[in-house]
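Visitor: I have the model open. Please walk me through how to read a few of its features.

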Amino acid sequence: MTPSITSQSLRLSSSFSIAALQPHTFSKIPLPKSHLRVSRQAPLFKPILAVQSNVLLPDASKTATFQPSNAPHLTAVNTEAMEVDRATEVELKENGSRSKRRTKIVCTIGPRTCGFDELEALAVGGMNVARINMCHGTHEWNRKVIEHVRRLNEERGFAIAIMMDTQGSEIHMGDLGGATSSKAEDGEIWTFTVRSFGSNCPERTISVNYDGFAEDIKVGDELLVDGGMVRFVVTEKIGPDVICCCTDPGLLLPRANLTFWRNGSLVQEHNAMLPTISSKDWLDIDYGIAEGVDFIAVSFVKSAEVIKHLKSYIASRSPASNIAVIAKIESIDSLKNLNEIILASDGAMVARGDLGAQVPLEQVPSIQEKIVQLCRQLNKPVIVASQLLESMIEYPIPTRAEVADVSELVRQQADALMLSGESAMGQFPDKALAVLRSVSLRIEKWCREGKQHATFEPPPISSSVSAGIPGEICNGAAKIANKLKASALFVYTKTGQMASLLSRSRPDCPIFAFAPMSSVRRRLNLQWGLVPFCLNFSDDMESNLNQTFSLLKARGLIKSGDLIIVVSDMLQCIQVINVP
């Protein structure tokens with residue numbers, strides 16, 4: 001039995017400095033006598049550094065090696081008691097915990113990747129979240145994709161989350177009569193119409209979903225397809241038909257977004273008449289709730305009220321649901337109410353394609369960085385999407401400019417990057433995924449090396465977010481982990497909130513997040529640096545660590561001597577422990 005150990009607990013402001021900390025050594029911190037409190041108790045572990053609420057518990061010399069009391073010698077360990085994503089486990093074993101990729105990857109699923117084998121290839125390649133776009137495919141088609149992903153999780157050991165993206169009620173093209181694409185050449189005459197033709201669409205004719213299209217648009221207006229990938233000028237209006245001449249040729253894709261400009265300015269009047277969530281979207285949302293998706297991304301969000309309304313609707317339809325609502329930032333209206341929208345949501349997506357159709361192109365990079373920083377301040381995960389590796393829809397390697405763009409996103413420490421057409425309909429989805437993975441790994445390593453001697457200071461958390469003591473604990477744990485070059489941070493969390501706060505601090509080491517529910521685990525798979533495990537644990541931290549160390553060592557994910565920093569929902573403290 002481990003002998004009883006006496007510890008001192010010194011009350012200190014939770015905003016403490018660890019500049020003097022050296023590996024295995026904690027300096028004594030002078031404190032006023034009025035803040036000194038000595039307790040005589042047998043702690044769970046040998047002397048460690050701990051922050052308990054606003055209390056610092058320093059050891060006079062070293063970190064401790066964990067030694068469980070009354071623990072029998074383990075000869076066999078049931079490793080199935082702990083679930084971790086198969087691809088993540090392979091990466092941890094091959095590269096080590098400190099070289100694990102932190103940036104998460106979302107892949108849009110389409111005709112090229114909807115089969116079970118194709119989805120498994122993406123899962124093996126590092127896909128964390130599978131996105132289904134409700135602009136395309138029927139409910140039955142998307143159900144097959146969801147079933148395949150669930151089968152991969154259950155049978156092959158992955159932890160892929162499912163994101164359903166609503167269509168939104170902005171103006172967009174129809175299905176091109178069933179064609180996968182159509183090429184518009186310079187000078188060609190095309191007709192955009194509100195009439196519906198089904199599969200018998202006349203040549204060079206495109207249906208539009210907005211009934212007021214012909215009335216709102218004027219001769220001389222410019223019509224931009226998919227943010228300017230193809231451009232037309234309106235030459236004539238005949239009843240419900242708008243006749244246009246192609247001025248910038250390009251590839252037309254089904255359901256592409258349409259915007260029109262007049263005298264150099266975006267025409268926005270029609271947007272105010274359209275609801276954020278259309279009748280089709282509500283049907284799709286009911287479908288997503290019934291299928292138990294992990295995320296619902298809402299297109300063209302104009303205000304926080306839309307997000308609040310949807311979240312209350314989900315809660316009423318499925319009280320036990322853990323579905324997270326992601327706000328897509330892709331319009332001028334979104335930017336006007338950005339802080340309120342992100343605060344009301346469970347995360348945000350920077351949809352740069354549609355956003356670039358509504359604001360000057362040169363403003364997109366600064367807007368993108370502002371949203372990424374704001375999400376981190378508000379402790380919300382952020383996805384950056386659209387045209388990351390657009391050329392890889394047709395070519396096996398990206399342009400150097402695309403690699404530079406992805407590198408900048410990784411440097412900004414966005415939680416996740418998203419492939420759209422590259423994985424949905426591109427010729428090389430696996431290679432596109434491999435590019436995101438390899439660039440993320442390289443730039444993350446470069447950033448860690450570059451800040452090796454820099455002072456750690458996460459961005460201040462917004463006053464709108466009540467992080468309180470857990471926020472201070474997580475900031476402190478990240479500082480200690482960086483200073484001591486810890487192998488990993490452990491967080492035991494029932495809701496995921498504590499893990500999210502740790503992710504916000506962007507520590508150098510990975511964060512092993514242990515959650516008892518699979519739904520929480522999948523949601524955490526979207527956030528930067530988190531390695532989510534599904535593990536049943538108790539309120540007894542000694543028992544939890546004893547179990548965790550045994551399971552992780554049996555799977556070769558940690559080894560004796562590794563330095564681990566531990567926090568939890570149950571015990572408001574930081575624990576510094578060497579693996580026995």
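Guide: Start with helix 7 (residues 304-317), which lies across strand 19 and strand 20 and runs at about 155° to strand 20. Contact means heavy atoms within 4.5 Å. Axes are lines fitted to C-alpha atoms, for helices over the stretch in contact, and angles run from 0 to 180 degrees between N-to-C directions. Helices (H or I, at least four residues) and strands (E, at least two) are DSSP runs, numbered from the N terminus. This is a predicted model, where local features need pLDDT of at least 70, side-chain atom pairs count only at pLDDT 80 or more, and totals for chains, interfaces and linings use all residues. Residues are numbered from 1 along each chain as its sequence is written, and side-chain values use heavy atoms, with hydrogens and water left out.

Visitor: How many bridges join strand 19 to strand 20?

Guide: Strands of a sheet pair through backbone hydrogen bonds, either parallel or antiparallel. Here strand 19 (residues 295-298) and strand 20 (residues 324-329) run parallel, joined by 4 bridges. Two strands pair if DSSP finds at least two bridges between them. I296 stands opposite V325 in strand 20.

Visitor: In what order do the strands of the barrel close?

Guide: The 8 strands follow 7-8-9-19-20-21-22-23, with parallel pairing. From one strand to the next, the twist averages 25°.

Visitor: Which strands stand at the edges of the open sheet?

Guide: That sheet has 7 strands in the order 12-11-15-14-13-17-18, and its pairing is mixed. Strand 12 (205-207) and strand 18 (265-266) are the edges; each has a single partner strand, so one side of each lacks a neighbour in the sheet. Strand 17 (residues 258-262) pairs with strand 18 in the antiparallel sense, over 2 bridges. There, R262 stands opposite S265.

Visitor: How do I read a helix pair?

Guide: Two packed helices are described by the angle between their axes and the distance between the axes. Helix 2 (residues 116-125) packs on helix 3 (residues 139-156) at about 55°, with the axes 10 Å apart. That makes helix 2 oblique to helix 3; angles under 35 degrees count as roughly parallel, over 145 as roughly antiparallel, 65 to 115 as roughly perpendicular and the rest as oblique. Helix 2 contributes F116, L119 and E120 to the contact, while V145, H148, V149, R151, L152 and R156 come from helix 3.

Visitor: Is S487 buried or exposed?

Guide: S487 counts as buried, because its relative accessibility is 16%. Buried means under 20% relative accessible area, exposed over 50%, partly exposed in between (1.4 Å probe, protein chains only). S487 lies in the loop between helix 15 (468-484) and strand 24 (488-492).
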